[in-house]
Amino acid sequence: ITLFVEHCSNTNKRKANWNKMGKGGEKAIESKSVKYTWDEVKKHTTPSDAWIVHSNKVYDVSEWHDHPGGAVIFTHAGDDMTDIFAAFHAAGSMAAMKQFYIGDLIPESTKKPREQIEFERGYRDLRAKLIKMGMFKSSGLFYAYKCSFNMGMWATACAMVYFSDNIAMHIGSALLLGLFWQQCGWLAHDFLHHQVFKRRSYGDVTGIFWGNLMQGYSMQWWKNKHNGHHAVPNLHNSSALAQDGDPDIDTMPLLAWSLKQAQSFRELSSDGKDTAFTKFMIKWQAFFYFPILLLARLSWLNESFKTAYGLGASSENAKLEMQRRGLQYPVLERTGIALHYVWVFALSSGFGRFSLMYSVAYFLLATCSCGLFLALVFGLGHNGMATYDADARPDFWKLQVTTTRNITGGHGFPQFFVDWLCGGLQYQVDHHLFPMMPRHNLAKTHKLVESFCKEYGVKYHEADLVDGTFEVLQHLSKVSDDFLREMIHEFPAM
C-alpha cells in the first residue's frame with residue numbers, strides 16, 4: 001500500500017511538472033541521451049514542436065509558455081540559440097534548461113567549415129574579454145543624470161502650458177513633450193534590457209514607470225515585440241505557423257522590406273493575387289514612409305492599451321504569450337497606463353483652459369512628433385539593411401551585423417547631438433551584439449568590435465542621419481520597382 005501511495009504521489013508530481021514545463025519537459029524527463037543531426041533539429045520549428053540547440057546540446061522546449069522571457073524562446077525553434085542566449089541571460093540561467101535536455105547534436109552534421117567555427121570561437125572570446133573589462137557594469141550616476149534630465153524636460157513642457165497663453169509657447173511645449181517621450185523610450189529600453197540593475201524585477205518596475213506611466217506603452221507589449229526583434233532581426237517567418245520572424249518588419253500591407261514580403265499577402269487571397277490596396281501601398285511606399293512614421297505612436301498606444309487590458313494582441317506570438325501567461329505585472333501595467341492618460345489629458349487640455357479642438361491639436365502635435373523622432377532612429381537602425389528567411393539565417397554575429405546600421409554625425413549634425421538624440425542606438429550594431437551592455441560603455445566597445453570585424457573580414461555599415469534616411473527611401477523604392485516588375489511578369493494581362 002505504501003509503495004502504491006508513493007507511486008501515485010510521484011506520478012502527480014510529474015504531471016505538475018509537465019503542466020509547468022510543457023510537453024518538452026515531459027519528453028526530456030523520460031528520454032535518454034541520444035544523438036541528433038542538424039537536419040532533424042530543423043524539423044521542429046513551431047511553439048508546439050520546438051527544439052533548440054545550445055553548445056551542441058539539444059533541448060525540447062515545446063509548449064514551454066512559462067519561459068521567464070515569454071514566447072520569444074520560440075523564435076529560435078529549430079535553430080542554435082547559444083549566442084542569443086548569452087546575450088540575454090544572466091550567468092547561471094542555463095540551469096533551468098536541464099529539464100529539457102533530450103540529447104546531443106552531432107557537430108559534424110551542421111557542416112560548418114573550420115573558418116566558421118574559429119569565427120564563432122573568436123566572438124565568444126571577445127564577449128568574455130568585455131565581461132572582464134567591466135563593460136557590462138552600469139554607472140548609477142549616469143542613469144541618475146539621464147532620469148533627472150528627462151523629468152526636467154517633462155516639467156518644462158508642463159510649465160510652458162501652465163504659465164503661458166501664447167500659441168508659440170504651446171507649440172514648443174508639444175514638440176518638447178514629443179521629444180521627452182522619445183527620450184523616455186531610450187530609458188525604458190535600457191532598464192528593460194536589464195542594463196542598469198542586476199535584479200531584473202527592479203528593471204521591470206522602472207521600465208513600467210518610464211514606459212507605462214510616462215509614455216503610455218505597455219511594458220509586456222514592448223518586451224515581447226522588442227526581444228523577438230533582437231533574437232531575429234530582419235528575418236521573415238519560415239512558415240505560416242512558425243514564429244521565428246522579426247515583428248518589427250511585420251509591416252505589410254503598408255510597407256515591404258523585400259520582394260518576398262511584398263508578395264506575402266497573396267496566400268491570404270482566395271485568387272492568389274494582390275489586392276488593389278496592397279498594390280497601391282507598395283507602389284508608393286517610399287512616399288508614404290514619413291506619413292506612416294508620424295502615425296506610429298498612435299498605433300503603439302493602441303497596441304499597448306489592448307495588451308494591458310486584455311483586448312487583443314499585436315502578433316500571434318504575443319497572443320500566444322498572453323493566452324498562456326497573461327500579464328507579468330497586471331496591476332502596475334494597467335494603473336500606469338491609466339495614470340498616463342490622466343496627466344496627458346490634463347496637460348493637453350491646458351489644465352482646463354483649452355478648447356476641445358485646441359486640446360486635440362496639442363495632443364496630435366506631441367504624439368506625431370514623437371512617432372517621427374522615435375521611428376527615425378530605430379528605422380535607420382535596420383530599415384533598408386539585409387533581410388533573410390528564418391530557415392536560412394546566418395550565424396548570430398553576422399545576422400546582427402548585416403541587418404543593422406550605425407548612425408554617425410554628419411551633414412551639419414555633430415556627433416554629440418547624434419549621441420543624445422539616439423540614446424545609445426547610434427551604436428546599433430554594438431547594441432545588438434551585446435544588448436545588456438549599458439549605453440555609456442558602447443563607444444569603447446565599438447572600437448573593439450570594429451577591430452574584430454576587420455580581423456575576420458566582416459563588414460558593418462555606418463551612415464549619418466541624412467544619408468541613412470536616403471538609403472531607407474532608396475531601398476523602399478527598389479522593392480516597389482521589383483514588386484511591379486515581378487507582378488507584370490507573372491500577370492502580363494494586367
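**Figure 1. Lys111 lies in the loop between β6 (101-105) and α5 (114-132).** The model shown here and in the views below is predicted. Lys111 counts as exposed, at 71% relative accessibility. Its backbone has a positive phi of about 60°, although Lys111 is not a glycine. Most residues other than glycine have a negative phi.

**Figure 2. Glu63 sits in the loop between β4 (57-60) and β5 (79-80).** Glu63 is not a glycine, yet its phi is positive, at about 60°. The relative accessible area of Glu63 is 23%, so this residue is partly exposed. The cut-off for buried is under 20%.

**Figure 3. Met252 and Pro253 are joined by a cis peptide bond.** Omega for this bond is about 5°. Most peptide bonds are trans. Pro253 has its place in the loop between β7 (235-236) and α10 (259-262).

**Figure 4. Helix α7 (residues 167-192) packs with helix α15 (residues 330-348).** The angle is about 160°, and the axes are 13 Å apart. That angle makes α7 roughly antiparallel to α15, because angles over 145 degrees count as roughly antiparallel. The crossing of α7 past α15 is right-handed. From α7, Leu177, Phe180 and Trp181 make the contact. From α15, the contact residues are His340, Trp343, Val344 and Leu347. By class, 6 residues of this contact are nonpolar and 1 is polar. No charged residues take part in the contact of α7 with α15.

**Figure 5. Helix α11 (residues 276-283) has buried residues at Thr278, Met281 and Ile282.** Around the axis, these three residues cover an arc of only 95°, so they lie on the same side of α11. An α-helix has 3.6 residues a turn, so residues three or four places apart point the same way.

**Figure 6. Phe434 is buried in the model, with a relative accessible area of 2%.** Phe434 is found in the loop between α19 (428-433) and α20 (442-456). Leaving aside residues up to four places away in sequence, Phe434 touches Leu126, Arg127, Leu130, Phe136, Trp397, Thr445 and Val449. Thr156 is 278 residues from Phe434 along the chain. The C-alpha atoms of Thr156 and Phe434 are separated by 34 Å.

Technical notes. Residues are numbered from 1 along each chain as its sequence is written. This is a predicted model: local features need pLDDT of at least 70, side-chain atom pairs count only at pLDDT 80 or more; totals for chains, interfaces and linings use all residues. Side-chain values use heavy atoms; hydrogens and water are left out. Axes are lines fitted to C-alpha atoms, for helices over the stretch in contact, and angles run from 0 to 180 degrees between N-to-C directions. Helices (H or I, at least four residues) and strands (E, at least two) are DSSP runs, numbered from the N terminus. Angles under 35 degrees count as roughly parallel, over 145 as roughly antiparallel, 65 to 115 as roughly perpendicular and the rest as oblique. A crossing is left-handed if the near helix is turned anticlockwise from the far one by less than a right angle, and right-handed if clockwise. Contact means heavy atoms within 4.5 Å. Ala, Val, Leu, Ile, Met, Phe, Trp, Tyr, Cys and Pro count as nonpolar, Asp, Glu, Lys and Arg as charged, and the others, Gly among them, as polar. Buried means under 20% relative accessible area, exposed over 50%, partly exposed in between (1.4 Å probe, protein chains only). The arc is that of the directions from the helix axis to the C-beta atoms.
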